[in-house]
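Please keep the sequence and the model open while reading.

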Amino acid sequence: MSVPIDAIWEQIRTQAEGFPPQAFAFVQEGLRYTVEKIHGEDDFDELDESRHVDGRQLSLGLRELAIKRYGRLARTVFDHWGIRRTDDFGRLVFILVQSGVLRKSDEDRLDDFANVFDFDEAFDDAEACSAE
């Protein structure tokens, strides 16, 4: 059960660190995408601990979804949202965790999102941007 960002934006706006609501909505969509890719397409619930993904898995899933959705413009979209490295994905996730929208395991750390991939290589490479 995904909570629409519109419903919680006023609650998290002061913690948003300049990220727009679209960035948070994309992270929620990317979480769903990543969980379904890794664990299968059952009913999705962000609070179901058995369908956990770690920071690395989520970062890679967000990259893949961005390329599928935005193609060669993925990097431009992320730049517009203020997302310039995988650490920013982690900041978005942890803001959603602090607001109660997402949960984390005791092992999850912000550092799990650090340097998962380089944005220049991941989005500027022609082969990467032609992925399905």
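Helices (H or I, at least four residues) and strands (E, at least two) are DSSP runs, numbered from the N terminus. The model is predicted, so local features need pLDDT of at least 70 and side-chain atom pairs pLDDT 80 or more, while totals for chains, interfaces and linings use all residues. Residues are numbered from 1 along each chain as its sequence is written, and side-chain values use heavy atoms, leaving out hydrogens and water.

**Whole chain**
- The chain has seven helices and zero strands, in the order α-α-α-α-α-α-α along the sequence.
- Of its 132 residues, 45% are buried (under 20% relative accessible area, 1.4 Å probe, protein chains only).
- Contacts (heavy atoms within 4.5 Å) between residues at least 6 apart in sequence join residues at least 24 apart in 66% of cases.

**Helix 2**
- Helix 2 (residues 21–39) has 19 residues and should span 27 Å at 1.5 Å a residue, which agrees with the 27 Å between its end C-alpha atoms; the expected span is 1.5 Å times one less than the number of residues.
- Its buried residues include Phe24, Val27, Leu31 and Val35.
- The buried residues of helix 2 pack against helix 1 (5–12), helix 3 (55–70), helix 4 (74–81) and helix 5 (86–98).
- Gly40 follows helix 2 and has a positive phi, near 100°.

**Helix 4**
- Ala74, Arg75, Val77, Phe78 and Trp81 are the buried residues of helix 4.
- They lie on the same side of helix 4, because they cover an arc of only 160° around the axis (taken from the directions from the helix axis to the C-beta atoms).
- Their cover includes helix 2, helix 3, helix 5 and helix 6 (119–124).
- Gly82 follows helix 4, with a positive phi near 85°.

Technical notes
Buried < 20%, exposed > 50% of the residue type's maximum accessible area, 1.4 Å probe, protein only.
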